[in-house]
Amino acid sequence: MSSQHRSPDDRRGLALTHAVRTKLLLRAGHVEEACGSWQAFRSSATGLQSAEADRARTELRREFLPFRSNITVRALLAGPREEPPAFRPRGGRHAQ
């Protein structure tokens, strides 16, 4: 399903769609466009608790490494690493 047809509430699906699109663009050699798609993935994946999104985050970072001589890619790789959200048990408090 394309990102245009997804419900705005389906953040996980939107993030994973951006991840797939990013990989396809990179493999087709469209590095600059892939950077924009990676940014869209990062924005939509922020705060998600999804093993698939976490895997996609790691894979995308790895897929961009061969293009690190590109100034845009270098800036994205050097920027803040988007970390998966910390696990919080129900109730919202960290276990001690």
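Trainee: What share of the contacts in the protein chain with a separation of 6 or more comes from residues 24 or more positions apart?

Mentor: Contact means heavy atoms within 4.5 Å, and in the protein chain 57% of the contacts with a separation of 6 or more are between residues 24 or more positions apart. Keep in mind that this is a predicted model, in which local features need pLDDT of at least 70 and side-chain atom pairs count only at pLDDT 80 or more, whereas totals for chains, interfaces and linings use all residues. Residues are numbered from 1 along each chain as its sequence is written, and side-chain values use heavy atoms, with hydrogens and water left out.

Trainee: How many helices and strands does the secondary structure of the protein chain come to?

Mentor: Helices (H or I, at least four residues) and strands (E, at least two) are DSSP runs, numbered from the N terminus. Here there are four helices and zero strands, and the pattern along the sequence reads α-α-α-α.

Trainee: At what angle do α1 and α2 pack, and how far apart are their axes?

Mentor: Axes are lines fitted to C-alpha atoms, for helices over the stretch in contact, and angles run from 0 to 180 degrees between N-to-C directions. For α1 and α2 the angle is about 165 degrees, with the axes 8 Å apart; the two are therefore roughly antiparallel (an angle over 145 degrees). Among the residues that make this contact are Ala19 and Leu26 of α1, and Trp38 and Phe41 of α2.

Trainee: How does the packing of α2 and α3 read?

Mentor: Helix α2 (residues 31-45) and helix α3 (residues 51-64) pack at about 155 degrees, their axes being 11 Å apart, and they are therefore roughly antiparallel as well. The contact includes Trp38 and Phe41 of α2, together with Ala56 and Leu60 of α3. Its residues divide into nine nonpolar, no polar and two charged, where Ala, Val, Leu, Ile, Met, Phe, Trp, Tyr, Cys and Pro count as nonpolar, Asp, Glu, Lys and Arg as charged, and the others, Gly among them, as polar.

Trainee: Is Ala19 buried or exposed?

Mentor: Buried means under 20% relative accessible area and exposed over 50%, with partly exposed in between (1.4 Å probe, protein chains only). Ala19, found in helix α1 (residues 11-27), has a relative accessible area of 3% and is therefore buried. Leaving aside neighbours within four places in sequence, Ala19 is in contact with Phe41, Ala56 and Leu60.

How values were computed: Parallel < 35°, antiparallel > 145°, perpendicular 65-115°, else oblique.
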